[in-house]
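Please read the points below alongside the sequence and the 3D view.

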Amino acid sequence: MDKKKGSKVGRPTAIRGRGEAQWNCPRWLLVAAFGAVVALLLATAVSFRGFLKLWISPWDAGKYSGMVEDYGCDYETVNRLNEEVLHPILQELVKTSFFRYFKVKLWCDCPFWPDDGMCHLRDCSVCECPDNEFPELFKEPSKARLADNMACQEGKPQAAVNRTLDNPWTHDDETDNAGMTYVNLQLNPERYTGYSGPSARRIWDAIYKENCAKYPSKESCSEQKVLYKLISGLHSSISVHIASDYLIDEVLQLWDENLDLLHDRVMRHPERIRNLYFTFFFVLRAVTKAADYLEQFEYNTGNSQEELKTTQSLVRELVFNPKIRAACPLPIDEAQLWKGEEGPELMHQIQKQFRNISAMMDCVGCEKCRLWGKLQVLGLGTALDILFSGNVTSNLIQPLQLERNEIIALINLLNRLSESVKFVHEMGPKAEKLVKGKVNATPKKNSSQ
Ligand SMILES: Cc1cc2nc3c(=O)[nH]c(=O)nc-3n(C[C@H](O)[C@H](O)[C@H](O)COP(=O)(O)OP(=O)(O)OC[C@H]3O[C@@H](n4cnc5c(N)ncnc54)[C@H](O)[C@@H]3O)c2cc1C
């Protein structure tokens with residue numbers, strides 16, 4: 001049948017009865033009408049999903065429900081466990097004199113490029129401890145690591161990756177006292193410092209592009225993905241701390257939360273939240289795996305016996321906590337990683353990447369960010385050491401040996417992550433509603449203009 005003729009015949013007219021008009025309707029018109037209805041239904045579903053996403057809290061909407069990746073524990077349980085058990089213990093623990101002093105070299109030159117960082121705010125600087133403030137016992141190294149007198153890595157990027165160390169994941173060495181200072185972490189909280197721009201961007205770019213690409217290839221192995229998730233989770237945590245303690249007014253020195261920033265940098269990227277939880281759990285897993293070692297460690301600072309007992313009992317409460325063990329009984333099985341022939345080579349490669357990241361902390365152009373960057377990367381390196389060292393060639397397994405500074409870094413890192421998880425859980429939904437409210441309040445452009 002010719003198309004023109006067909007279309008004329010099919011068009012319903014006023015003089016035809018209803019039934020006639022339906023029967024004579026051409027097939028193309030029915031198909032078009034059906035298509036339109038399907039499209040309408042799809043559009044409604046999509047916009048309803050968008051509506052749900054914006055108005056229901058991300059926890060309620062199931063955005064972050066279910067299992068934390070690679071861990072036998074769901075988000076709700078992690079949040080509850082953190083708020084009821086971990087956060088209160090850790091907050092107490094990091095105030096003790098053992099855990100509040102961190103030994104650090106703050107003034108090494110960047111081994112990768114000329115220093116270009118500038119941070120003008122006074123909150124960029126770190127107030128170092130006067131010599132008489134930190135515990136006398138801390139002046140002695142806690143244990144003899146391979147003493148190789150590692151100095152700063154100036155101008156020797158390779159030196160940062162070729163050393164033979166006890167902890168092959170990091171390049172910090174507590175036995176070398178030259179240029180080391182002690183910092184009271186309680187007086188130098190990680191918070192907004194104003195450090196940003198090309199210097200900060202260059203470091204994050206170098207970390208992600210050169211040392212832990214998100215997915216270097218489609219076949220990218222689980223081990224590479226773990227490294228990416230850990231760094232991304234740490235990055236999320238730093239952003240959360242900036243958002244939770246932000247300088248709203250420099251003149252008035254007014255500090256408050258910045259929920260826009262929280263939303264922009266973290267909440268609107270579900271993957272970054274997932275990585276934060278992953279990193280939190282990873283470090284917690286390391287702490288509980290090293291429970292016996294941590295329990296036995298010498299926490300004496302020369303202060304009162306009372307304080308020593310408090311520190312020891314808080315450590316025990318943390319590492320042997322039955323609620324933690326009962327709540328999430330199936331953690332990541334680290335023995336599943338580094339399998340196969342290429343296991344040892346892969347381990348060396350990823351250790352080298354991580355040491356590069358560690359060395360890159362000397363390029364951070366803001367003192368306080370450098371302090372916390374170094375501490376947290378050392379904490380992550382310690383967690384990696386606890387969980388992975390010795391997994392590749394079982395005949396080389398050595399008993400765990402940690403330096404005092406590594407334990408301080410590990411526990412302070414866990415505390416920072418615990419704070420971030422708590423803030424995201426409590427303030428995330430509010431940040432999302434706030435941003436949605438602003439979007440709704442924006443006057444719509446007049447269509448006739
Ligand atoms: C080690 C280090 C420590 C720092 N500490 C502080 C501090 O204590 N206080 C302070 O005020 N500033 C700190 N900064 C600076 C801060 O991290 C930001 O770089 C700065 O605030 C500028 O932020 P931005 O919006 O440009 O994005 P950035 O946070 O610099 O992010 C750069 C890019 O990385 C990607 N990205 C961001 N977050 C993630 C994530 N979670 N996972 C994967 N990719 C991501 C995005 O593509 C983003 O555009 C630190 C920087 C570094 C490198």
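1. Leu247 has Trp255 in strand E4 as its bridge partner, and the two strands concerned, E3 (246-249) and E4 (254-256), pair in the antiparallel sense over three bridges. Strands are said to pair here if DSSP finds at least two bridges between them; helices (H or I, at least four residues) and strands (E, at least two) are themselves DSSP runs, numbered from the N terminus. The model is a predicted one, in which local features need pLDDT of at least 70 and side-chain atom pairs count only at pLDDT 80 or more, while totals for chains, interfaces and linings use all residues. Residues are numbered from 1 along each chain as its sequence is written.

2. As background, most residues other than glycine have a negative phi. Gln253 is exposed because 10 other C-beta atoms lie within 10 Å; a residue is called buried if 20 or more other C-beta atoms lie within 10 Å of its own, exposed if 12 or fewer, and partly exposed in between, with C-beta atoms placed from the backbone.

3. The other strand pair to look at is E1 (residues 101-105) with E2 (residues 180-184), which run antiparallel and are joined by five bridges. Tyr101 stands opposite Asn184 in E2. Four of the five residues of E1 are buried, so this strand is largely enclosed by the rest of the structure. Tyr182, which lies in E2, is partly exposed, because 19 other C-beta atoms are found within 10 Å. Tyr182 and Leu106 are 76 residues apart in sequence, and their C-alpha atoms are 9.8 Å apart in space.

4. For the chain as a whole, there are 15 helices and four strands, and 36% of the 449 residues count as buried. Among contacts in the chain with a separation of 6 or more, 82% are accounted for by residues 24 or more positions apart, a contact being two residues whose C-beta atoms, placed from the backbone, lie within 7 Å.

5. Which residues are closest to the ligand? They are Ser196, Ala200, Ser232, Cys369 and Gly373, out of 23 residues that surround the ligand, where a residue is taken as near if its C-beta atom, placed from the backbone, lies within 6 Å of the molecule. Two or more residues of this shell come from each of helix H6 (198-211), helix H7 (222-244) and helix H14 (367-388), and H7 gives the most, with six residues. By class, the shell has eleven nonpolar, seven polar and five charged residues; Ala, Val, Leu, Ile, Met, Phe, Trp, Tyr, Cys and Pro count as nonpolar, Asp, Glu, Lys and Arg as charged, and the others, Gly among them, as polar.

6. Ala200 is found in helix H6 and counts as partly exposed because it has 18 C-beta neighbours inside 10 Å.

7. Ser236, Ser237, Val240, His241 and Ser244 in H7 meet Arg416, Leu417, Ser420, Phe423 and Val424 in H15. The residues of this contact divide into four nonpolar, five polar and one charged.

8. Two further residues deserve a look. Arg265, in helix H8 (residues 259-267), is in contact with Ser239 and Ala243, leaving aside neighbours within four places in sequence, and the C-alpha atoms of Arg265 and Ser236 are separated by 7.7 Å. Phe282, in helix H9 (residues 270-289), is buried, because 24 other C-beta atoms lie within 10 Å.
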